[in-house]
Amino acid sequence: MEVRVQNIRKEFSRFPALNDVSLDIRSGELIALLGPSGSGKTTLLRLIAGLESPTEGTVYFGNEDASRKTVQQRNIGFVFQHYALFRHMTVLDNVSFGLTIRPAGRRPSKADIRKRALELLDLVQLSGLEKRYPAQLSGGQRQRVALARAMAVEPNVLLLDEPFGALDAQVRKELRRWLREIHDRTGHTTVFVTHDQDEALELADRVVVMSKGKIEQIGTPDEIYDTPNSPFVFGFIGQSNILPVRVENGQLWLDDRSIGVSATGEADGPAQLYFRPHDIELLDGCGGCIAGIVTVTRRVAGTRHVELDIGATHSKVEIELPPEKVTSDHSRIAFRPTRWKLFRN
Amino acid sequence: MAHDAASHGGTGNTELVRVATSEHRLARYGLIGLALCFVGLFLVLPLAAVFTEAMRNGPGEFFTVLSDPETFSAIRLTLIVAGIAVPLNLVFGIAAAWAIAKFEFKGKAFLTTLIDLPFSVSPVISGMVFILLFGSHSLIGPWLQSHGIQILFAVPGIVLATVFVTFPFVARELIPLMQEQGTSDEEAALSLGASGWQTFWYVTLPNIKWGLLYGVLLCNARAMGEFGAVSVVSGHIRGLTNTMPLQVEILYNEYNFVAAFAVATLLALLALVTLVLKSLLEMKYSEQIAASRRH
């Protein structure tokens, strides 16, 4: 189901947690709310769920105003970071809970509930564990039960609050792919909150980057990574270098030398140059370049990270090189950014 | 490793390899002995004395004194009072713990302190409070009298005093447990469509049932054993307003030692049964209890 958030404001005892946030979620979409802690992403998720009520603004499910409905009436599926499984119930009872508590008129028969719960357990690859208690499961298994439980009620929208936050790195990666598969098979409109950019970029159809109670940028993972529209998004997503430069006649200048990058159409004046460590090319001579002395090199998986000292007044610059390119400390390297962005204050 | 450590410690040669928890043998046995002595002297010995005194003239007399009508009425009254006070405090306790643990509101700290009040005030004072409230010189005393409502020196007064004194047991047991468990289980139930009542019945209550049971056992033990507050409001009318602890005192003051200790035995047995019951439950459901704390 389509979900629209319109001009939502939320204050917690006068402290604004969300400030005029609007967001359209298309039916069947997998959306990530990404941001540092305190950015309001969890608050937004809980507002959609109905676990919080907005100070101002409206949430629509389809064409219906959902803000007037309680969390029970909204028919959503919510998955908590720490699972929140009912510890005194078996896995099967946990998954069936949403159906068994329905009033007699809307409740499927016992056999149907059991069948549906077993199907869901099969979907989340936990067949055979239906008689276990949550305490007898691993973290990853518990989160799958929580997901099956949320899907049992055929929710309008599936909301996940840092679903993999409490799991270790390996399990997290596995579950990420698996969640994408489940989503593609079931087609639920899904919103999940994460502070892990890899998770958001790998998993989501669209990523919503949030900061300080506002949406900074909404876009596909490619758009977010390749064309960040604010210094915050550039700095928050991926690695980045920031240098204070000067624009003069369509050329970029660092201190008193040109760095060999033309910025046609940019107005003259000071600006901040943002570029990623891998978006560079090495140069032999230096007709126009950024040059620096190698201070530290680190081998990280398939690349070599090189830290350069480009002059005492600037912070260190990090670039990524192919691992076969061996650089010794104190050697001199010249490069120029191939893909970059300018931001002005 | 442990053995090594002990022998090193024992010979006092070296302090190099030593487990943090292993002390000198003398120190260990000394401390254990000290603890056992203390338990024996202050717990086992008095308990044994109560039982031997009660059985001094054989089991025949033991049962004869217990079937005395005044003593019998004291036992009945104690059961009635506990039967009213414990369920009331069960409900109050859950409600108070629920409010404090799951919601944020102004005056929460004050309410928490208030719940502890009966623990910090001497029971005698608690009894006095009810005398001041309902006595013939109080504001509502004359009104009660003119309507023929007897609260002091009657069962209602005893129940009120007992409820007051035993109020904190259930709430105190539940508040930390509920706070630790947080609200996400309840939120999960609500998000799945459960009503408030269903959430409480199927999720909250099962989560706290072991703590609740423990609180109820403690509450019951105190309700049956309360002396100070009840003594002030009861009026000591024989065969009418004497509970078991009061009856013990009266019998003892009349030098009727066997009878006094016989009733005391029943109270002591209550304590023992409570403890055994609690241990049995913990043994039988240790996994569930651990799971409800872990998770």
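UniProt, in an unreviewed entry, lists residues 75-278 of chain B as "domain: ABC transmembrane type-1". In this predicted model, that stretch of chain B is 80% helix and 0% strand, with its end C-alpha atoms 23 Å apart. The points below cover a mostly covered helix of chain A, an open sheet of 5 strands in chain A, aromatic pairs over all chains, and the surroundings of Thr71(B).

**Helix H5 of chain A**

- Helix H5 of chain A spans residues 139-151, which makes 13 residues.
- From first to last C-alpha, H5(A) reaches 19 Å, close to the 18 Å expected at 1.5 Å a residue.
- Of the 13 residues in H5(A), 11 are buried, and the helix is mostly covered.
- Among the buried residues are three arginines, namely Arg142(A), Arg144(A) and Arg149(A).
- The buried set of H5(A) also includes Gly140(A), Gln143(A), Val145(A), Ala146(A), Leu147(A), Ala148(A), Ala150(A) and Met151(A).
- Within chain A, the elements covering these buried residues include strands S6 (77-79) and S7 (158-161), together with helices H3 (91-100), H4 (110-123) and H6 (169-186).
- Chain B contributes to the cover of H5(A) as well, through helix H9 (184-191).

**Open sheet of chain A**

- In chain A, 5 strands form an open sheet in the order S15-S19-S16-S17-S18, with antiparallel pairing.
- Strand S15 (280-283) and strand S18 (317-321) of chain A are the edge strands, each pairing on one side only.
- From one strand to the next, the twist averages 50°.
- Strand S16 (residues 290-300) and strand S17 (residues 303-309) of chain A run antiparallel and are joined by 7 bridges.
- Val300(A) stands opposite Thr303(A), a residue of S17(A).

**Aromatic pairs**

- Over all chains, a search of the whole structure finds 21 aromatic pairs.
- Phe97(A) is buried at a relative accessible area of 3%, whereas Tyr202(B) is partly exposed at 39%.
- The rings of Phe130(B) and Phe134(B) count as a stacked pair because their planes lie at 15°, with the centres 6.4 Å apart.
- Phe130(B) and Phe134(B) are separated by about one helical turn, because they are 4 residues apart in helix H6 (residues 123-134) of chain B.
- Phe130(B) is buried, with a relative accessible area of 10%, and Phe134(B) counts as buried at 17% relative accessibility.
- Ring pairs also link Trp98(B), Phe103(B), Trp197(B), Phe200(B) and Trp201(B) into a cluster.

- Thr71(B) belongs to helix H4 (residues 69-102) of chain B.
- Thr71(B) counts as buried because its relative accessibility is 2%, under the 20% cut-off.
- Leaving aside residues up to four places away in sequence, Thr71(B) touches Val65(B), Leu66(B), Gln247(B), Leu251(B) and Val263(B).

Key:
Residues are numbered from 1 along each chain as its sequence is written. Chains are lettered from A and ligands numbered from 1 in the order in which they are written. This is a predicted model: local features need pLDDT of at least 70, side-chain atom pairs count only at pLDDT 80 or more; totals for chains, interfaces and linings use all residues. Side-chain values use heavy atoms; hydrogens and water are left out. Helices (H or I, at least four residues) and strands (E, at least two) are DSSP runs, numbered from the N terminus. The expected span of a helix is 1.5 Å times one less than its number of residues. Buried means under 20% relative accessible area, exposed over 50%, partly exposed in between (1.4 Å probe, protein chains only). Contact means heavy atoms within 4.5 Å. Two strands pair if DSSP finds at least two bridges between them. Axes are lines fitted to C-alpha atoms, for helices over the stretch in contact, and angles run from 0 to 180 degrees between N-to-C directions. UniProt positions are given in the numbering used here, feature names are shortened, and annotations may be inferred rather than shown by experiment. Rings of Phe, Tyr and Trp (its six-membered ring) pair if their centres lie within 6.5 Å; planes under 30 degrees apart count as stacked, over 60 as edge-to-face and the rest as tilted.
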